[in-house]
Amino acid sequence: MDRGSQASEEAPSAQARSECLLSRQVAQHSPRMARRREHQHPWAPKSSSPAAKMPSPQAVTSGPELHSPTEPVEPQTPEQGTRPASSGDARPGLGTFRQAFSRTSQRASGRTSEELGLLRRRSCLLLRSLRRAPDVSPAAQTCQDTAAPGHSPEVPSTVMDGVSQQSPTGMGPEELETEAGRSVADLIAERQLLEAFKQLQRLEARLAAEKASHTFEHNPTGFARRAMDVCLHYDTLAAEIAAIVHETLGPDGVDAATLAELAHVVRAEEEAHPKSPADGDFLGTPRRWRQHWEDAVRRSAQLRVQQAGAGEAPRAAEGASGLAQLLAELGDLIRRDLRKVQLEVQPAYAAAGFPVWDAYLRAYHSAVAQRLQEVARHARGCEQLYTLLDWAANVYSSPNFLGAPDLTLSTEPLPAPLAPEVWARLESDYTSSLETKIVSCLDRILQLEQSRWAAAEAPDVLQGRYHTPLSIDVHMLVAEHVKAAGAISAELEASTLRICARALALFVPRFEKAFLESEAVNAPHLGANINACEELRTCLLVRFPGTFVELEKPLVAATCIFQKQLLQGLQCDVQPLFRTLCTKVWLTQDTLQPLMDKVVAFTRHLEHVAPPLGQATLQEVHRYVVREYLAQALRPRERFQGDERKAGSQRMGLDAQAISNTFQGLGSEATWLGQAIPCVADILGETYKDNIQLHLEKLIRSYPDIRQDHVLAILTLRRLGRRRNRRLLQHAQDLLKAAATADGSGTSGRHVLFEEIEVSTSVDMLITCI
């Protein structure tokens, strides 16, 4: 049989062997390495260089056994369905190699799309390397034709076990064993990384030299097998680096010597492959193991951070406690890992000059940011949202987060753990939930007040004042949320203040209405509510100036209503006693004293009201007594003449003195009320009629709000002659016009007394006018 026919019959067998040998070289000859690689698979790096992107050996389908060059090789039949080579093709060429790669890729259909892409790119690199080889030389053809019988020229060198087939250069297994002693797989399994790399580097250099000498021009499959061996072992070494990084922070850890050797291997690879070859060959291409190491650090940090809290975000039903526990576990994990990096891992890498701290720090920061983004998507409710914002702003970003003064997160500013748009969304969701929560809290405060009203509980007296828990509850509610928001950001604090102001502005009228509709409307509770409104108005406006301006109006309105309700209680109690004044019984008995006793008893409640409002209410009571007394005097139920009129004038003077002394003793500062009753008494009792005009002028000057009908009522009581009455009325009109002109705005800014006294027109008044 001629040489061409023999090559045609062996071509299918060469194709099958090229597929199987690519997949069996590592796992078949080193079970120890296969087991270790199976454990390391999740951390296999994603190489960025063409030469490093070869498929992982443990994922390739196993094929036929490799044979030593000294053992006879049994002839192999072509696989079913394999198209035999034509008789004109004496050797497996590039087409055969491409078909072998295609079938290998089909059988590895379980791989990910990224791994299949790596396999295709590696095959293309190998093919480009072969296409650049020059034409077959006669010497090479002769060398191939005289190959030993029973041995295919395509049988690969098994680099994994350190046992190689007889290469065209004449290097046998004895030479590899002499130089290496142990296989590369064993060295990697024993984590003698630097020695394994040196041996791989020598094999790579030898293969590159053989390629340059055109040794593989007639044996492209043999070159591909040996190149694949080198690439697979480089990938295995890279995977071991990733596994070491993964185990570094694990429970067992990694000894410092292994970490130091890892750093030296990475530096040695960078020095061995400083840049890509000029001809684009994948042999000698930089493996970029430093990038692999950084990627492994990132993956390790992400995995450990995801494991914190069982990797699940707390549900809304769990409230803030579940999220707080998750974040606490996350913080403990980060502190524990970074302390170990700072104290144990970094010194091991120091000799190689690795930026270990910065790499781990940024890896963990990125992993924490990713975890917080996931948690933020599930955070619901005011408590969970605030817990997340507070942990990100005050716990994780704190300079004391690592718990040691010499350990800080970074000397350079790191990006925020939450993206700006995520942070803005969380703040918006928090303020919306907070508004609902504050309204709910105010409703509970109102319910507590209503329960006390229903139980008829008298208000406490604290520091001499009636006290209700309302003001304290509201102050604590506002202060708590404003302080909490201020700890996160000034913007959130301002938003919280606005929310509290709006909620309180709506709450005060509801509180006022609920109280007035209750059965607890009495002097002590009214005094307590007046004090509460005053405390809220003064304290909140002073503590947060410019924020609670809209709250002042409803608070002042509620205070005025409570004061008016307080006075109405007094009026209902003493109003019947005023009816005995200015009667004939009044001339002989002290009917004013029972009235003043009730007034004094009422003013005891005012002693427990805040001084500004207590004093204002006392003056209002003083004005009420004087006004009602004058109303009874100007609308007498009985007429006095002669001696009765003089006796009534004297009694009125005594009553005026008693009223003035009583209110002065109670602390009333309304001294302007002291001239009204005496002036009327003097007009009624004046015996020298020409002096009546002087008393009238004094009355009008002291009380500009007096009207002409009031003057007419007083003159009616005095019963003067027609001419004198006309002259006094005309003089009074002139004085009133002058007072109105000088005032410019009526009684604005002046005290009001006579304006609120209604005087009915009687026959006597008409006669007086005529």
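Contact here means heavy atoms within 4.5 Å. The model is predicted. The exercises below apply such cut-offs to its residues.

**Exercise 1. Place L555 in the fold.**

Task: State which element holds L555, whether L555 is buried or exposed, and which residues it touches.

Solution. 
- Step 1. Find the element. L555 lies in helix 19.
- Step 2. Check burial. The relative accessibility of L555 is 1%. Buried means under 20%, so L555 counts as buried.
- Step 3. List contacts, leaving out residues up to four places away in sequence. L555 then touches V508, C533, L536 and R537.
- Step 4. L555 and V508 stand 47 residues apart in sequence. Their C-alpha atoms are 6.7 Å apart.

**Exercise 2. Classify two aromatic pairs.**

Task: Which geometry does the pair F197 and W289 have, and which does the pair F515 and F562 have?

Solution. 
- Step 1. Recall the cut-offs. Ring centres must lie within 6.5 Å, and planes over 60 degrees apart count as edge-to-face.
- Step 2. Count the pairs. The rule gives 21 aromatic pairs.
- Step 3. Apply it to F197 and W289. Their centres are 5.7 Å apart, with 65° between the planes. This pair is edge-to-face.
- Step 4. Locate the two rings. F197 sits in helix 8 (residues 193–212) and W289 in helix 11 (residues 289–307). The pair links distant parts of the chain, 92 residues apart.
- Step 5. Check burial. F197 has 1% relative accessibility, so it counts as buried. W289 also has 1% and therefore counts as buried.
- Step 6. Turn to F515 and F562. The centres are 5.7 Å apart and the planes stand at 90°, so this pair is edge-to-face.
- Step 7. Locate these rings. F515 is in helix 17 (residues 490–516) and F562 in helix 19 (residues 549–574), so the pair ties together parts 47 residues apart in sequence. Both F515 and F562 are buried.
- Step 8. Widen the view. Ring pairs join W453, F507, F511, F515 and F562 into a cluster.

**Exercise 3. Find charges over rings.**

Task: Over which ring does R290 lie, and over which does R335?

Solution. 
- Step 1. Set the distance limit. CZ of Arg must be within 6 Å of the ring centre.
- Step 2. Take R290. It lies over the face of F354, 4.4 Å from the ring centre.
- Step 3. Take R335. It lies over the face of F401, 4.8 Å from the ring centre.

**Exercise 4. Describe the largest cavity.**

Task: What is the volume of the largest cavity, and which residues line it closest to its centre?

Solution. 
- Step 1. Count cavities. There are 7 cavities of 30 Å³ or more.
- Step 2. Give the volume. The largest cavity holds about 140 Å³ of space.
- Step 3. Name the lining. It has 15 residues, and P636, F640, R645, L684 and L717 are the closest to the centre.
- Step 4. Assign elements. Helix 23 (643–666) and helix 26 (708–718) each give two or more residues to the lining. The largest share, 4 residues, comes from helix 23.
- Step 5. Sort by class. The lining has 8 nonpolar, 3 polar and 4 charged residues.

**Exercise 5. Step back to the whole chain.**

Task: How many helices and strands does the protein chain have, and what share of its residues is buried?

Solution. 
- Step 1. Count elements. The chain has 28 helices and 2 strands.
- Step 2. Of its 770 residues, 48% count as buried.
- Step 3. Look at contact range. Among contacts with a separation of 6 or more, 79% are between residues 24 or more positions apart.

How values were computed: Residues numbered from 1 in each chain as written. Predicted model: local features only at pLDDT ≥ 70, side-chain atom pairs only at ≥ 80, totals over all residues. Heavy atoms only, no water. 1 Å grid on protein atoms, 1.4 Å probe; cavity = no way out; pocket = protein on both sides within 12 Å on 5 of 7 lines; lining within 4 Å. Points joined across faces, edges and corners; volume = space filled by probe spheres on them. Nonpolar A, V, L, I, M, F, W, Y, C, P; charged D, E, K, R; others polar. Phe/Tyr/Trp six-rings, centres within 6.5 Å; stacked < 30°, edge-to-face > 60°. Buried < 20%, exposed > 50% of the residue type's maximum accessible area, 1.4 Å probe, protein only. Lys NZ or Arg CZ within 6 Å of the ring centre and 35° of its normal.
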